[in-house]
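Have the viewer open and follow along.

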Amino acid sequence: MSVASPEPVVIPQPAEAHAPALDFDNLKVGEKSPAKVNQGGFLSVVVLGASGDLAKKKTFPALFNLFKQGFIPTGDVQIIGYARSKLTNDELRKRIAGNLKPGKNALQDGQAVISEFLKLITYVAGAYDSKEGFMELEKAIASRENVGDGGSSSTRRLFYLALPPSVYPLVSKMVHAHCMNKHGWTRVIVEKPFGKDLASSEELSGQLGELFTEDQLYRIDHYLGKEIVQNLLVMRFANRFFIPLWNRDNIANVQIVFKEDFGTEGRGGYFDEYGIIRDIIQNHLLQVLCLVAMEKPVSVSPEHIRDEKVKVLKAVQPIKDEDVVIGQYEGYKDDEGVPNDSNTPTFATVIVHINNERWDGVPFIIKAGKALDSRKAEIRVQFKDVPGDIFKCKKQGRNEFVMRLQPSEAMYMKLTVKRPGLDMAGTQSELDLSYRERYQDIVIPEAYERLLLDTIRGDQQHFVRRDELRAAWEIFTPLLHRIDCGEFKCLNYASGGRGPPESDDLISRAGYVRTHGYVWKPPTLQSGM
Ligand SMILES: NC(=O)C1=CN([C@@H]2O[C@H](COP(=O)(O)OP(=O)(O)OC[C@H]3O[C@@H](n4cnc5c(N)ncnc54)[C@H](OP(=O)(O)O)[C@@H]3O)[C@@H](O)[C@H]2O)C=CC1
Ligand SMILES: O=C1O[C@H](COP(=O)(O)O)[C@@H](O)[C@H](O)[C@H]1O
């Protein structure tokens, strides 16, 4: 069932020269993409760390999604994997094939589109400190660019560092020394967490800043590519009725929650060096907080948006011990690479206070954890009690505006209504926008797919700027250092539960009032209505 919708509003994007702004709303299944992003000549995408977990789970599948929708068609693009592992082209293709899903928006049938995509991929094995390796990589890139006599006059090169941050400086130096594009732009995508604290992040930014300009560097935080996160700006600033409500006069508290129902599962070696605050809270959830809390930007230009996010971060007050609970799930230490005396948190609840006119006195409750009772990510804005409460609404439950990032993207307003029937009883219900039901014929892009496209188009709106990064580390570095040196102990919690009970106590002290007996359920799909 396709739901007739009004003419979609296309938010003007700083599109690359000549390429019309991409409008995902109009990208119907089976339609040729409105604009192949091939302005600027042949594109080489180089995935460094191609043998790794992120490359397999997110990077190659995102490139495949762009390919199958016609954004980066055969003939306009090549994809080269680079890592130390000794792999043949076919071995790399086999390693990633299982994660490629043709889905319903492919322009061709399943296997055909997968094998056509895999043909674009080649692999160069080399060390990250090897001049020979990167010269080999340069040769491989240039061999397909066909520049010069009769070749295209310009080319594009995108380097994706799907690598642990510890190797970024070295690899960046090698790319800069041997693989920079001489016939067009070079862009470099680096992953979070950018460093481990303020000092290491600033050092990394300094090292990268010596090699690349800000408009060549794309600090990716894939939460900024999620549909409901991207919707925040539109929802907040394109609707009149949020304007008078979105402030301390009406809002009691804001929760930003990330839960996973699985543990580190073999990534313990990486995770134990970072922990849940560096892995999730200091980046993903703090970015979401900025979009929830920021003032309206001067325009939708990336710089104006990011200016406002930095202002929010600079208004965040130092975190107090009594506003923090950290935990570690039982069984975490069984993961290989995790030392028996690890104090690395796999769970954290942190109450953040923003000292500005809009939010003074409103606690922002940030909670993230692995090995919990469910997998979800959501923003829950809880409003204050009804003044002059003639319907005992306080007993019923407070109004809440909930934005469900995943699973089942949705936004719903929980409110008290008259229970249908003869009596005047109140009940909790909701005004609900569930994407799966409302937008049945639109495939919601994956976060990485959208952000890779933005990089190719040169749109930095959804990427992290250096001063944002600095401000984010300034907030969490003191707490992180105390955890690292054992001054702040993790509380154990059972895997598959809610996390340490002390977290619920802290959230209740912060003023969150649970509505007992009410659970929102995604509406079931009504086909053929
Ligand atoms: N995995 C995920 O779900 C997500 C990961 N990220 C980020 O992406 C980055 C990469 O993560 P992920 O792919 O999981 O990491 P991996 O541990 O899988 O590393 C990726 C590749 O880097 C190489 N590598 C690993 N460790 C080292 C090392 N110590 N020194 C040199 N090379 C090394 C390996 O390739 P080889 O040995 O063949 O050279 C490996 O295949 C990280 O910064 C992470 O925070 C971000 C979001 C999600
Ligand atoms: O950055 C990361 O994100 C993933 C969760 O991503 P999601 O899109 O599935 O919510 C997390 O599992 C991983 O530990 C972290 O590095």
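Predicted model: local features only at pLDDT ≥ 70, side-chain atom pairs only at ≥ 80, totals over all residues.

C393 has a relative accessible area of 14%, and because the cut-off for buried is under 20%, C393 counts as buried. Another cysteine to look up is C179, which is buried too, at 0% relative accessibility.

**The site of ligand 1**

Now turn to ligand 1, which has 22 residues around it. Those that come nearest are S51, D53, R84, S85 and Y128. By class, this shell holds 12 nonpolar, four polar and six charged residues. Which helix gives the largest share of the shell around ligand 1? That is helix α1, spanning residues 53-68, with three residues.

Some side chains meet ligand 1 through polar atoms. S51, already named among the nearest residues, places a polar side-chain atom 2.6 Å from an oxygen atom of the ligand. For K57, an N or O atom of the side chain is 3.4 Å from an oxygen atom of ligand 1.

**The site of ligand 2**

Ligand 2 has 14 residues around it, and Y223, E260, D279, H284 and Q406 come nearest. The shell divides into eight charged, three polar and three nonpolar residues. Helix α8, residues 268-293, supplies the largest share here, with three residues.

What lies 2.5 Å from an oxygen atom of ligand 2? An N or O atom in the side chain of Y223 does. H222 and K226 also have polar side-chain atoms by the ligand, as the table shows.

| Side chain | Ligand atom | Distance |
|---|---|---|
| H222 | oxygen of ligand 2 | 2.8 Å |
| Y223 | oxygen of ligand 2 | 2.5 Å |
| K226 | oxygen of ligand 2 | 2.8 Å |

Taken alone, ligand 2 exposes 390 Å², of which the protein buries 87%.

To put the sites side by side: the shell of ligand 1 has 12 nonpolar and six charged residues, whereas the shell of ligand 2 has three nonpolar and eight charged ones.

Note on methods: Residues numbered from 1 in each chain as written. Chains lettered and ligands numbered in written order. Heavy atoms only, no water. Near = heavy atom within 4 Å. Polar contact = N/O pair within 3.5 Å; in protein donor to acceptor, adjacent residues only side chain to side chain. Areas by Shrake-Rupley, 256 points an atom, 1.4 Å probe, with all protein chains shown as cover. Helix = DSSP H or I, 4+ residues; strand = E, 2+ residues; numbered from the N terminus. Nonpolar A, V, L, I, M, F, W, Y, C, P; charged D, E, K, R; others polar. Buried < 20%, exposed > 50% of the residue type's maximum accessible area, 1.4 Å probe, protein only.
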